[in-house]
Amino acid sequence: MKWNVVTGSILASSLVFSSMGALGNVKAENGVPVNVLAVVDQSGDMMKINSLNERLNDNKLIAFNDMFSYYTETDKGSFEVVLEKSGLNTYRVVKRTDGDSEIPENGLVLSTGDLTTLEIKSFLAQLENGETVTLHEPMIKQEQMQTNAVDPTAQSNPSGAVFDGYRGPDQLIVYTPSFGESTKTNPYGYEITVENGFVTKLGGGNSKIPKNGFVVSGHGIASKWISSNSIIGAKVTVSETGLVQIVQDVESFQYQSKQSIQQAKANIAKANAEFLDVEMTMAEEAVQKAEAILKEAEAMNTSDPVRSLDMTRQATQLAYDAYYYSLPSNMAEQRAIWYRPEETTLDGVKQVLDRMEKAGFNSVYLETTFWGYTIYPSETMKAYGLPEQHPRFENGNYGMYGKDLLKAYIEEGKKRGLTIQAWTDGFMIGHGSLGLPSQFKKYPSWAAIQRSNTTRQPKPDTSNQYYWLDIAQPDVQTFMLDIYKEMQNSYDIKGLNIDYMRYPHHKFEQSYGYSDTVKDMYKEHTGTDPMTINPTDNPSEWQDWQEWIRNRENDFVHKLHEQSKANDKQFMLTATPEPGPEAVLINDWKDDLDGVIPQAYGHDFNSIQQTVQASKKLMPKGTMYYTGIYSFYHHLSEMASVNDVISAKFGTSGVNMFAFGQASAPSVDALGKGPWREKAVNPGEEPILASLAVLKDLQKEINHLYIPKGAVEETEGISIRQSIKKLEKAIEKNPNSSSDYYEVVEEHIQKAMSAEKLDQVVGNRMKDQLTETKMWVNYYLKHQN
């Protein structure tokens, strides 16, 4: 059949609608809606696309583009067709797959679930390899949703009374200047800021409320609705009855493009004013091209709206690139990525590492144990009578590395400047859906037992269905220590990132620690059976019991620290506390951890820094701090991912991103053009080399940037550079003796600033860099020397 619709290039780039669909569809003569996203095959048959980048694909046709991830992440049994871009809005059919398809860069995957309609499945089934299909997209998209409240109070919105900002679960709320300065919401939702009718800011919590607009805020279902339908430049109105309408059209995208160009220009100006070492020529060229293309696009809004929209997006991407190029790139910081491997071939390993290198990562926190298995052939597991390797990898072929996936990642990573840290699932060894873990088939007494488990047999956690080894049991601790010793002794890993190293934090009836072994241990220690203790009748005894359990967890971490450092003083032991009890208890391990990576779930500077600074108060100075962020996991846009990285780096020595399984090509490209453009030394793994890298670069900037650009008088600049050179030599010779040299350089910089011979911004940046390198030197002396 033939439909009269406007064809478009919306899906030809990463700058696409977050979801598709419209209200009040215009209908053709046959009654079929025409202003919806649709795909047309070579014969003219058309099929509506229900949504974009949505994993839940049963009974729907979903389109995935490279903005989502490298893979669709759909369940096996799905029916998927992979398309490669061939023209403005045309694509060539490449192949069919059964789920979790690789998404081509600038291409698409059409996907439907195992449970689907005959109409959708038949349409996909008749697409032939090599056939050309066309994407049709509406030129105007509008969505609407009713608010729960405007400027809520505890009285007007009782469902949100106990929550921050009076926003309740799944609610849509509008905040106007009458509410106050900000929304006062927590980061567990999504907000858009609207000024003069246009969206000017996406995401975050506790957003500032503009005087010339309002904030639309959502949680749960409403949060997804907002994020799925909003872009910078979208037009938003709120009716008198509280109906929120979001409209996206060509004008919206051109507003977004103009805002992106202004952002790039402002950042270029900032880089010039602050004498930042950036790719200035590339940034200026990109922004000039963006302006020229946007001007051309605006001239054809009426004559050729499809090409106008395509060119508008090209202009926006160039503006993004200009912004990225105008960002400085640090010479030393951790740029780490958590990753659960899936590859069964060496080519697969190389592809993943190539992508990580392109982004600028320098460390991979590779999940080396999960679901109770090791990813490598383990002699230790074999000695305990347990499966030697994770079944996914036991028949893998990694070329010269045999079936040793860990070895392949380590050696291939070295070729690309990527080190490997072992990320481990600790005492969590399985899930109810996977059946009984092999450890419990062999050693059922090793199982952690909940109080409510009257069978005393291994059972999954009543809350999350995980199976847990019993942390407090000496034999279990010995087993885990043997696994970690094998990893450290047999492989060139730089550290161990421990996860799941405490019992789950549950309420009384579901709490852990009631295996026969642990109960007997506590009876021997106190004469009391812990089953007779409860927090209501015996509060002090309950507190003693909880503290005893907690100390057994702490004992294990201390043993692991002692074992690791006895083997290699430079080996890093890090922990990744989740918000809540786990984060609060991190202080228990202050003498055993080299680094802490607090998990910051928010996506704005304030929420990220709130998490980091709260954690830093619990640990001694000199602890290496990185920030754990969830940009990839939450499928944020490329610009949002870059801004997350910048926010997360502030006040720490680097960033850990979760997780590469959800990384997207545009975000990888953006990081590699922007904040991670230059290679960086990892300060946790190589604190002295990191310090020297910064000091060497600082001397280079004085010579080639600060003196030529007038940030410092020439004589003063040469003198400061010479004092930095002496500091560098002192650190190389004997880090213990560097303290006095630091004082000399810092005093020199301060005097130059006071005499107005050194720009204030540059001088303060120099002092910050010196403070950072001094912290790394002290870290080396305390943790590695």
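# Strands, cavities and cores in a predicted model

Modeller: Strands β5 (residues 79–85) and β6 (residues 90–97) run antiparallel and are joined by six bridges. Glu80 has Thr97 in β6 as its bridge partner. This is a predicted model, in which local features need pLDDT of at least 70 and side-chain atom pairs count only at pLDDT 80 or more, while totals for chains, interfaces and linings use all residues. Residues are numbered from 1 along each chain as its sequence is written, and side-chain values use heavy atoms, with hydrogens and water left out.

Colleague: Why do strands β5 and β6 count as a pair?

Modeller: Two strands pair if DSSP finds at least two bridges between them. β5 and β6 have six bridges, and therefore they pair. The strands themselves are DSSP runs of E with at least two residues, helices being runs of H or I with at least four, and both are numbered from the N terminus.

Colleague: What makes β2 and β3 edge strands?

Modeller: Eight strands form an open sheet with mixed pairing, in the order β2-β1-β8-β6-β5-β7-β4-β3. Within that sheet, β2 (46–48) and β3 (51–52) each pair on one side only, and they are the edge strands.

Colleague: Which strands does β16 pair with, and how do you know that?

Modeller: β16 (residues 243–248) is joined to β9 (residues 141–146) by six bridges, in an antiparallel arrangement. Four bridges join β15 (residues 235–238) to β16, again antiparallel. Gln245 is the bridge partner in β16 of Gln144 and of Thr237. Between β15 and β16 lie four residues, the two strands forming a hairpin, and Gly242 in the turn has a positive phi of about 90 degrees.

Colleague: What are the classes of Phe275 and Arg456 by relative accessible area?

Modeller: Phe275, at 15%, counts as buried, whereas Arg456, at 24%, is partly exposed. Neither is a glycine, yet phi is positive in Phe275, at about 55 degrees, and in Arg456, near 65 degrees. Phe275 is in the loop between α3 (250–273) and α4 (280–299); Arg456 is in the loop between α9 (438–442) and β22 (466–468).

Colleague: What makes a space in this structure a cavity, and how many are there of 30 Å³ or more?

Modeller: On a 1 Å grid over the protein atoms alone, a cavity is a set of points where a 1.4 Å probe fits but cannot get out, and its lining residues have an atom within 4 Å of a point. Grid points are joined across faces, edges and corners, and the volume is the space filled by probe spheres set on the points. The search of the whole structure finds three cavities of 30 Å³ or more. The largest holds about 100 Å³, and α10 gives the most to its lining, with three residues.

Colleague: Which classes of residue make up the lining of the largest cavity?

Modeller: That lining has seven nonpolar, five polar and no charged residues. Here Ala, Val, Leu, Ile, Met, Phe, Trp, Tyr, Cys and Pro count as nonpolar, Asp, Glu, Lys and Arg as charged, and the others, Gly among them, as polar. The second largest cavity, of about 70 Å³, is lined by seven nonpolar, one polar and three charged residues.

Colleague: What makes a set of residues a nonpolar core?

Modeller: The set must consist of buried Ala, Val, Leu, Ile, Met, Phe, Trp, Tyr and Cys residues joined through side-chain atoms within 4.5 Å. The largest such core has 119 residues, of which Met356, Phe361, Ile498, Met657 and Phe660 touch the most other members. Helix α5 (residues 305–325) supplies the largest share of this core, nine residues. Apart from it lies another core, of 25 residues, including Phe275 and Val777.

Technical notes. 1 Å grid on protein atoms, 1.4 Å probe; cavity = no way out; pocket = protein on both sides within 12 Å on 5 of 7 lines; lining within 4 Å. Buried < 20%, exposed > 50% of the residue type's maximum accessible area, 1.4 Å probe, protein only.
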